[in-house]
Amino acid sequence: MTKDEFVHTLSKKNWVEFGKGRISSPDSVISEAIAKDLSKILPPSAEIYYAIELSHFGESLTGNLAWLLLLLNQLLQITATMVKAGPKKDELLQITHRFYPVGRLDRAEIQVQHTEGSGEKGRTEFPYSASAVLVFVGGERIEVPRRVGPSGVEALREFMGSLSPQSPTI
């Protein structure tokens, strides 16, 4: 997906899908701020091959929104946080970026935890309760925590496949 397609989709829908993965923003104001920001920091020819959500805002926009975007030779981590500023303690959206060269990728792994539960006819099942992708770039750890079912694990697997040097996207 080109940078322009990504920015347009995010601005219009507040979400963008990549295969089984989806990133989203809670409202159009935040989407527009991130879209304008990406328009400025990414070159016109930038391609975004995959994106995955690291975290999302809690109620009343607490916490932060974080995405990991796979570019041609880099991973771009975008973090948006609401911060109090000024004498009236107005809230503003602070967006930070961190680029990781894919060439320095040490390893990536998926961790899935299963929680016992009862299924049909009293049978014991082990549904997915939590999973995470851990990406290690230049000795730094980027964690993609997710609470997912089978389709979510497929999205994580798809993201991991996109990181592979043999992948046609890189």
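Which residue just after α1 takes a positive phi? The points below take up this question and the helix around it.

1. This is a predicted model, in which local features need pLDDT of at least 70 and side-chain atom pairs count only at pLDDT 80 or more, whereas totals for chains, interfaces and linings use all residues. Residues are numbered from 1 along each chain as its sequence is written, and side-chain values use heavy atoms, with hydrogens and water left out.

2. The protein chain has three helices and eleven strands, where helices (H or I, at least four residues) and strands (E, at least two) are DSSP runs numbered from the N terminus. Read from the N terminus, the order of elements is α-β-β-α-β-β-β-β-β-β-β-β-β-α. Of the 170 residues in the protein chain, 37% are buried, a term that means under 20% relative accessible area, with exposed meaning over 50% and partly exposed in between (1.4 Å probe, protein chains only).

3. Helix α1 spans residues 3-13, and its buried residues are Lys3, Phe6, Val7, Thr9 and Leu10. Because they cover an arc of only 165° around the axis, they lie on the same side of α1; the arc is that of the directions from the helix axis to the C-beta atoms. An α-helix has 3.6 residues a turn, so residues three or four places apart point the same way. On the other side of α1, Asp4, His8 and Lys12 are exposed.

4. The cover over the buried residues of α1 includes β1 (15-18), β2 (21-24), α2 (28-41) and β4 (64-70).

5. Helices α1 and α2 pack at an angle of about 165°, with their axes 8 Å apart; the axes are lines fitted to C-alpha atoms, for helices over the stretch in contact, and angles run from 0 to 180 degrees between N-to-C directions. The two helices, α1 and α2, are therefore roughly antiparallel to each other, a label for angles over 145 degrees.

6. Across this pair, Lys3, Phe6, Val7, Leu10 and Ser11 in α1 meet Ser31, Glu32, Ile34, Ala35, Leu38 and Ser39 in α2, contact meaning heavy atoms within 4.5 Å. The residues of the contact of α1 with α2 divide into six nonpolar, three polar and two charged; here Ala, Val, Leu, Ile, Met, Phe, Trp, Tyr, Cys and Pro count as nonpolar, Asp, Glu, Lys and Arg as charged, and the others, Gly among them, as polar.

7. Thr79 lies in strand β5 (residues 74-85) and counts as buried because its relative accessibility is 15%. Not counting residues up to four places away in sequence, Thr79 touches Asn64, Leu65, Ala66, Gln94, Ile95 and Thr96.

Note on methods
Parallel < 35°, antiparallel > 145°, perpendicular 65-115°, else oblique.
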